[in-house]
Amino acid sequence: MTDEVVEQAQRRRTVAIISHPDAGKSTMTEALALHARLIDTAGATHGKDNRRATISDWMAMEQERGISISSTVLQFVYADHVINLVDTPGHADFSEDTYRVLCAVDCAIMLLDAAKGLEAQTRKLLDVCRRRGIPVITVVNKWDRPGLDALQLLDDISQETGMLPTPITWPVGIAGEFVGVLDRAKGSMVEFSRTAGGATRAPERHLSAAEAAESHLLSWATAVDEIALLDSEGQTHDDDLFRERFTTPVLFTAAASNFGVKFVLDAIIDIAPAPTTQVDVHSVGRDIDAPFSAQVFKVQAGMDSAHRDRTAFARLHSGRFERGMMVTHAQTDRNISTKYARSLVGRERATSDEAFPGDVIGIVNANDVRIGDTLYAGAAVTYPPMPSFLPEAFVTMRSRDSSRSKQFHRGLAQLDSEGVIQLLSSEARGPQRPVLGAVGLMQFEVAARRLRDEFRVEVETEPLPFSVSRIVRPEDAAGIKDAGIEMLERSDSQVLAVFADSWQLKRVQRTHPDLALDESEEDMAFRQSVALD
Ligand code: G4P
């Protein structure tokens with residue numbers, strides 16, 4: 001049994017794609033799934049207008065806006081490996097969610113637009129990967145379009161990420177005049193042929209070095225010269241250096257034509273790390289083959305319009321999960337039945353019968369379970385909590401129809417437990433006018449929409465003039481009150497002091513140096529990771 005768990009864990013690769021909006025994340029996701037033959041044709045999903053059918057998008061709002069708000073998991077088998085592709089929200093306001101997703105993966109794929117290189121949001125997400133120690137595979141997409149010089153791009157990646165780029169494939173032909181890639185391990189070439197609208201798998205023609213030299217005279221010679229340069233600079237892949245984040249392997253693709261995508265899949269199974277021992281709150285490692293344990297990284301409701309439900313997504317860290325088993329919720333010590341556990345593939349939810357380390361399971365209607373919580377069987381374990389963030393935007397919300405007040409409050413509690421918004425209360429404001437905190441304004445829109453659709457409550461939102469918050473130590477509460485600063489309590493009982501802006505905070509810090517109002521390192525890192533340039 002434990003041998004089976006180890007063997008299954010070795011087969012798993014749990015990854016997320018990080019990118020700036022428009023770099024081609026949805027296209028790449030589909031292309032990867034297409035190559036793994038999960039879906040037969042990707043044609044219908046290219047272009048924003050047709051994006052409705054995209055397998056990783058499901059919320060009405062995402063479809064209308066053509067952006068991805070919620071994270072879902074796409075699981076597929078490729079070359080006897082199981083790839084779990086955890087979708088990250090594309091919009092900047094949803095980076096809080098992205099941050100949590102990155103707590104659940106073993107490797108990130110940084111997708112760049114060949115014409116743009118590293119963009120603002122990618123940089124921020126990369127910083128999160130750095131803090132989490134997650135290794136990064138770089139994919140330069142849209143090489144079929146005019147773009148930056150490949151060597152220049154490598155320089156930029158190196159300077160901006162601090163990781164040495166170690167290409168696995170190398171473009172033959174400059175961006176826009178892409179004729180194929182050089183397969184560095186084999187020294188041969190895979191020729192690029194355009195497919196109509198990327199509707200089917202691009203036919204790949206493999207050429208030996210001699211054939212490539214004959215067919216693509218100058219472009220091939222240039223690629224060979226550039227590779228020689230990279231060799232001489234020591235820019236070759238090394239597993240250990242990659243895992244330690246000293247290097248980042250680089251691949252070149254044209255996802256819309258499905259070109260180069262197989263190399264990405266191969267890189268995922270060949271070099272992305274398999275799940276390993278996870279450390280608990282006491283810094284004790286729980287081995288892969290220990291009994292079942294998992295950590296919740298996302299809670300979501302309303303995924304099934306027929307049955308209003310709430311699903312907690314947990315990533316397995318150890319053991320084997322079998323549907324129906326009893327698991328313990330570490331935070332409450334309660335047992336939870338997993339009769340209706342699910343694995344998730346876009347809109348089509350399959351019921352998961354078993355899962356192994358690296359996999360994501362969805363536990364339905366486990367109402368006490370919150371983001372960061374641990375589920376286990378056998379020996380008890382609790383994983384470190386996931387960071388919850390200091391809000392930077394605040395509103396008060398009110399139900400337009402006072403007779404729906406009960407539903408309004410139930411809905412807000414639900415959205416709070418999912419981490420969509422933070423529900424804040426204060427004696428001064430009273431229960432009818434709850435305050436909502438968020439990192440990005442769009443979270444309030446989602447909240448209002450969810451209240452309307454799922455709880456049939458129309459709400460009015462009014463902005464509050466705060467943009468900075470700090471956690472208050474109990475011993476500082478009186479001092480903060482004296483300084484005339486408002487305090488609001490979160491549902492996890494932490495009290496937040498709220499400030500109009502950083503100037504006001506600085507003033508209070510100057511006049512009350514005894515109060516601890518510094519940001520924690522984690523909060524600071526997160527704030528920097530989501531702040532747009
Ligand atoms: P996102 O999820 O990261 O936001 O990006 P998405 O996949 O939606 O892709 C953004 C645009 O870039 C899409 O174009 C998509 O077709 C295009 N694209 C993605 N990969 C490639 C590629 O390798 N080469 C080229 N040339 N384009 C690519 P769109 O204008 O929204 O739609 P359409 O062009 O398909 O009509």
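Reader: Which helix gives the largest share of the shell around the ligand?

Author: Helices here are DSSP runs of H or I with at least four residues, strands are runs of E with at least two, and both are numbered from the N terminus. Helix α2 (residues 25-35) supplies the largest share of the shell around the ligand, 3 residues. This is a predicted model, in which local features need pLDDT of at least 70, side-chain atom pairs count only at pLDDT 80 or more, and totals for chains, interfaces and linings use all residues. Residues are numbered from 1 along each chain as its sequence is written, and side-chain values use heavy atoms, with hydrogens and water left out.

Reader: Which residues come nearest to the ligand?

Author: A residue is near a molecule if one of its heavy atoms lies within 4 Å of it. Of the 17 residues around the ligand, the nearest are Asp22, Lys25, Ser26, Thr27 and Asp144. By class, the shell has 7 charged, 5 polar and 5 nonpolar residues. Here Asp, Glu, Lys and Arg count as charged; Ala, Val, Leu, Ile, Met, Phe, Trp, Tyr, Cys and Pro count as nonpolar; the others, Gly among them, count as polar.

Reader: Which backbone atoms lie 3.3 Å from an oxygen atom of the ligand?

Author: A polar contact is a pair of N or O atoms within 3.5 Å. A backbone N or O atom of Ala23 lies 3.3 Å from a ligand oxygen, and a backbone N or O atom of Ala256 is also 3.3 Å from a ligand oxygen. For Ala255 the corresponding distance is 2.9 Å. The ligand taken alone exposes 700 Å², and the protein buries 74% of that. Accessible areas come from the Shrake-Rupley method with a 1.4 Å probe.

Reader: Which residues of α5 are buried?

Author: Buried means under 20% relative accessible area, exposed means over 50%, and partly exposed lies in between (1.4 Å probe, protein chains only). The buried residues of α5 include Ala120, Leu125, Val128 and Cys129. Cys129 has a relative accessible area of 0%.

Reader: Is Asp80 buried or exposed, and where does Asp80 lie?

Author: Most residues other than glycine have a negative phi. Asp80 has a positive phi, near 65°. Asp80 lies in the loop between β2 (73-78) and β3 (81-86) and counts as exposed, at 55% relative accessibility. Lys142, which is not a glycine, also has a positive phi, of about 65°. Its place is in the loop between β5 (136-141) and α6 (150-161). Lys142 is buried, with a relative accessible area of 16%.

Technical notes. Polar contact = N/O pair within 3.5 Å; in protein donor to acceptor, adjacent residues only side chain to side chain.
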